[in-house]
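Q: I'm new to this one. Can you walk me through it, piece by piece?
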Amino acid sequence: MSKSEKTLHVSVWRGEGPQGRFETFRVPRQDNQTVLDVVSWIQQNTDPSLSYRYACRVGMCGSCAMMVNGQPRWTCRTHVSRVADGDRLQIGPLRNLPVIKDLAVDMDPFFEKWIKAGGAHRPSRSRTEPIMPVSPQEPGRVEANKAIECINCAVCYAACDTVAGNPDYLGPAALQRAWTLYNDVKIDDRQAALDRATAAGGCQNCHSQGSCTRFCPNELDPLSAIAGLKRAAAASYFKRRSE
Amino acid sequence: MQSMGFYMAQRLSAMVMAPLVLGHIAVMIYAIQGGLSTAEILERTRGSLSWFAFYGSFVVAVSIHAAIGLRMIATETLKLRGAALDLFTWAVMIVLLFMGARAVSAVTML
Amino acid sequence: MIRPHRKHPLWLAYAAHRVSGLGLALFLPAHFHVLSLAITRPKDLDTFLSFAEAPLVKLAEFGLVFLLAIHFFGGLRLLALEFLPWSGCQKNLAAATVAGAFLVSGLFFLRAI
């Protein structure tokens, strides 16, 4: 490795609210180094005022997602060697969400849409009733299981151009959650779950660009989940018309 | 912003048009290869109920489909919203239907 | 310059579908107008049809058929993707879209010239 390659030139977004610019830092390059390591190094050694968000550092909490060289990534599990452009790295706040400061975005719109899509659990039984047996082989359960590893990191939300063009669109994560609940045998009113996913801003706005599935760090497939919602919604549309 | 109604209309008009597009391409190849003049084209199409039904349904489907497609571009790229967006959608649909009906009647009616 | 988060086949298929759809929608009124000349001013239509023999116009026609083929196969792809339960074959479908568009428009082009 030549000497110049041992230093990373890192542009980091600085600023409060919508105003800001990229500021360049020099960071020593390591053999094993994640993007979050780079951000932490800058905050600990060069500029303590740099704001960013993380918690678990092992890809479970979903709080450290940022734009890395223009693509949304979970930074704690993204190795610099995999994403650096030579010795250059550009790190910005997640797309499609309002910036609070530097690399920290306001996640409220993301979680508000999760709730609007029916993401909160509505149990069909109370805790005094016996537990409902659920077969792992039941087709609805198999479908629902595909998405339960979502960690709410908002990488899919930041990748989606339909969210960018239409601020009311619920987005891939919330709709994938709606598809999971629609298939969950423990949910009483499946039609209500579908109605929430097809209201204003619902699954019908999706243009199948597939960036959600392309960038999901847990390798989930929101694109297919939304396609499932569209199929169910189309079937229900005809059923209601014929009633 | 798209409601379920627009979404379904977009998909259904697409399904109607799929076979019509293939038919239309076949007609174009036939017309160009034959080097047809106006008179020759009209001789084949005028007074024909099947040509009227074929291109009539094409015009209806394409007017719906194009109006909803342009609606999506108008709202996502040009940020048109609310009543202005609805007005735009229906205006495009009506203008296309009118112009299409004029074209079909010119070609298939005496 | 395509932004980094858009560099994958499905986004490019989306972009091709949107651009071709916009092109066709803008062409439609002109197409309808020319056809309606048949009843109002038949002489003008004949003038137009002979104008349509010019090589440059031929090339434009090829472009239109190309747009139609892209939009047609792109649309079939979307209908299959949305309404048929499918597995991980989305990229193959996207590739087949482009291939099919080339095939049909190429065939038309070869036969027309």
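Q: How many helices and strands does chain A have?
A: Chain A has 10 helices and 7 strands. Keep in mind that this is a predicted model.

Q: What does chain A span along its principal axes?
A: The C-alpha trace of chain A spans about 70 × 40 × 30 Å.

Q: And what share of chain A is buried?
A: Buried residues are 45% of the 243 in chain A.

Q: What about contacts in chain A between residues at least 6 apart in sequence? What share join residues at least 24 apart?
A: That share is 63% in chain A.

Q: Which domains does chain A have?
A: The domain assignment gives domain 1 (4-105) and domain 2 (108-242). The C-alpha centres of domain 1 and domain 2 of chain A lie 30 Å apart.

Q: How many residues does each domain put into the contact?
A: Domain 1 of chain A gives 15 residues, and domain 2 of chain A gives 14 residues.

Q: Which elements supply the domain 1 side?
A: β3 (65-68) and β4 of chain A each supply at least two residues of the side of domain 1 that touches domain 2. The largest share of that side comes from β4(A), with 4 residues. By class, that side of domain 1 of chain A has 8 nonpolar, 4 polar and 3 charged residues.

Q: Switching to cores. Which residues touch the most other members of the largest nonpolar core?
A: That core has 71 residues. Ile91(A), Ala154(A), Val155(A), Leu175(A), Ala178(A) and Leu229(A) touch the most other members. The core draws at least three residues from each of domain 1 (4-105) and domain 2 (108-242) of chain A.

Q: Take Ala178(A). What is it in contact with, leaving aside neighbours within four places in sequence?
A: Ala178(A) is in contact with Ala117(A), Gly118(A), Ala193(A), Arg196(A), Ala197(A) and Leu229(A).

Q: What does the second, separate core include?
A: That second core has 35 residues. Among them are Met99(B), Ala103(B), Leu24(C) and Phe72(C).

Q: Back to Ala154(A). Where is it placed?
A: Ala154(A) is in the loop between α4 (139-145) and α5 (155-159) of chain A. Its phi is near 70°, a positive value in a residue other than glycine.

Q: Is Ala154(A) buried or exposed, and why?
A: Ala154(A) counts as buried because 26 other C-beta atoms lie within 10 Å. The cut-off for buried is 20 or more.

Q: Where is Asp102(A)?
A: Asp102(A) sits in the loop between β6 (99-101) and β7 (104-105) of chain A. Phi of Asp102(A) is near 50°, again a positive value in a residue other than glycine. Asp102(A) is buried too, with 25 other C-beta atoms within 10 Å.

Q: On to chain B. How many helices and strands are there?
A: Chain B comes to 4 helices and 0 strands. From the N terminus on, the elements run α-α-α-α.

Q: What is the radius of gyration of chain B?
A: Chain B has 16 Å, whereas a compact globule of 110 residues would have one near 13 Å. The C-alpha trace of chain B spans about 50 × 25 × 25 Å along its principal axes.

Q: And what share of chain B is buried?
A: Buried residues make up 34% of the 110 residues in chain B. For contacts in chain B with a separation of 6 or more, residues 24 or more positions apart account for 78%.

Q: How many residues of chain B are in contact with chain C?
A: 24 residues of chain B are in contact with 24 residues of chain C. On the chain B side, α1 (4-34), α2 (38-45), α3 (49-76) and α4 (82-108) give two or more residues. α1(B) gives the most to that side, with 9 residues.

Q: How does that chain B side divide by class?
A: The side of chain B that touches chain C has 17 nonpolar, 5 polar and 2 charged residues.

Q: What about the contact of chain A with chain C? How many residues does each give?
A: Chain A gives 15 residues and chain C gives 12 residues. α10(A) gives the most to the chain A side, with 4 residues. The residues of that chain A side divide into 4 nonpolar, 8 polar and 3 charged.

Q: Last topic, confidence. What is the mean pLDDT of chain C?
A: The mean pLDDT of chain C is 79, and 77% of its residues reach 70 or more. For the complex, the predictor gives an ipTM of 0.89 and a pTM of 0.89.

Notes:
Residues are numbered from 1 along each chain as its sequence is written. Chains are lettered from A and ligands numbered from 1 in the order in which they are written. This is a predicted model: local features need pLDDT of at least 70, side-chain atom pairs count only at pLDDT 80 or more; totals for chains, interfaces and linings use all residues. The radius of gyration is taken over C-alpha atoms; the globule rule is 2.2 Å times the number of residues to the power 0.38. A residue is buried if 20 or more other C-beta atoms lie within 10 Å of its own, exposed if 12 or fewer, and partly exposed in between; C-beta atoms are placed from the backbone. Two residues are in contact if their C-beta atoms, placed from the backbone, lie within 7 Å. Ala, Val, Leu, Ile, Met, Phe, Trp, Tyr, Cys and Pro count as nonpolar, Asp, Glu, Lys and Arg as charged, and the others, Gly among them, as polar. pLDDT is the predictor's confidence in each residue, from 0 to 100. A nonpolar core is a set of buried Ala, Val, Leu, Ile, Met, Phe, Trp, Tyr and Cys residues joined through C-beta atoms within 7 Å. Domain bounds come from an automatic or database domain assignment.
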